[in-house]
Amino acid sequence: QTMRTSRRACSSFVLAGHPLLRRVATPVRGVAARADLPRLDAALRSALGEHYGVAAPQLGTSARVFLLRAHADDEPWIAIN
């Protein structure tokens, strides 16, 4: 599974109480999600600013992925599964 998103997707986050956040997220096989990281990082920075922490289900994608950018100068950190 890949992490496909856009700036539009990042502007409408899934909020607490949404059924997607209650489901068990789908495992991500291999490193497919890493290929989308630069595009996803750019979209998240545009929507949230230089610092963010977001899980794939919050973006409407049922995947076991979490992205974190703690410092503007650092590369984003991605946790898969």
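**Entry 1**

I began with R45, which is partly exposed at a relative accessible area of 29%. The model is a predicted one, and I read every value below as computed from it.

D41 forms a salt bridge with R45, with the closest N and O atoms 3.8 Å apart. I noted that this distance falls inside the cut-off of 4 Å for a salt bridge. Both residues belong to helix α3 (residues 37–48); because they are 4 residues apart, about one helical turn separates D41 from R45.

The side chain of E50 also meets that of R45 in a salt bridge, at 2.6 Å from N to O. I recorded E50 as partly exposed, with a relative accessible area of 33%.

**Entry 2: D41 and R69**

I checked the cover of D41 and found this residue buried, at 8% relative accessibility. I also found R69 buried, its relative accessible area being 4%; both values lie under the 20% limit, so the two residues count as buried.

R69 forms a salt bridge with D41, and the closest N and O atoms are 2.6 Å apart. Since R69 lies in strand β2 and D41 in helix α3, the pair ties together parts that are 28 residues apart in sequence.

I next asked which residues the salt bridges join into one network. Through shared partners, they link D41, R45, E50 and R69. The count of salt bridges comes to 3.

**Entry 3: Surroundings of R69**

I placed R69 in strand β2, which spans residues 65–69. A polar atom of the R69 side chain lies 2.5 Å from the backbone oxygen of D74.

I listed the contacts of R69, leaving out residues up to four places away in sequence: D41, R45, E50, H51, Y52, D74 and P76.

**Entry 4: The whole chain**

I turned to the overall architecture. The secondary structure comprises 3 helices and 3 strands, and along the sequence the pattern reads α-α-α-β-β-β.

I noted that 33% of the 81 residues count as buried. Of the contacts between residues at least 6 apart in sequence, 63% join residues at least 24 apart.

**Entry 5: Surface**

On the surface I found a nonpolar patch formed by F66, L68 and W77, which together have about 280 Å² of accessible area. I located W77, one of these residues, in strand β3 (residues 77–80).

Note on methods
Residues are numbered from 1 along each chain as its sequence is written. This is a predicted model: local features need pLDDT of at least 70, side-chain atom pairs count only at pLDDT 80 or more; totals for chains, interfaces and linings use all residues. Side-chain values use heavy atoms; hydrogens and water are left out. Helices (H or I, at least four residues) and strands (E, at least two) are DSSP runs, numbered from the N terminus. Buried means under 20% relative accessible area, exposed over 50%, partly exposed in between (1.4 Å probe, protein chains only). A polar contact is a pair of N or O atoms within 3.5 Å; within protein, one must be able to donate a hydrogen and the other to accept it, and residues adjacent in sequence count only if both atoms are side-chain atoms. Contact means heavy atoms within 4.5 Å. Patches are made of residues with over 30% relative accessible area and no salt bridge: like charges are joined within 9 Å, nonpolar side chains (Val, Leu, Ile, Met, Phe, Trp, Tyr) within 5 Å. Accessible areas come from the Shrake-Rupley method with a 1.4 Å probe; for residues, only the protein chains shown count as cover.
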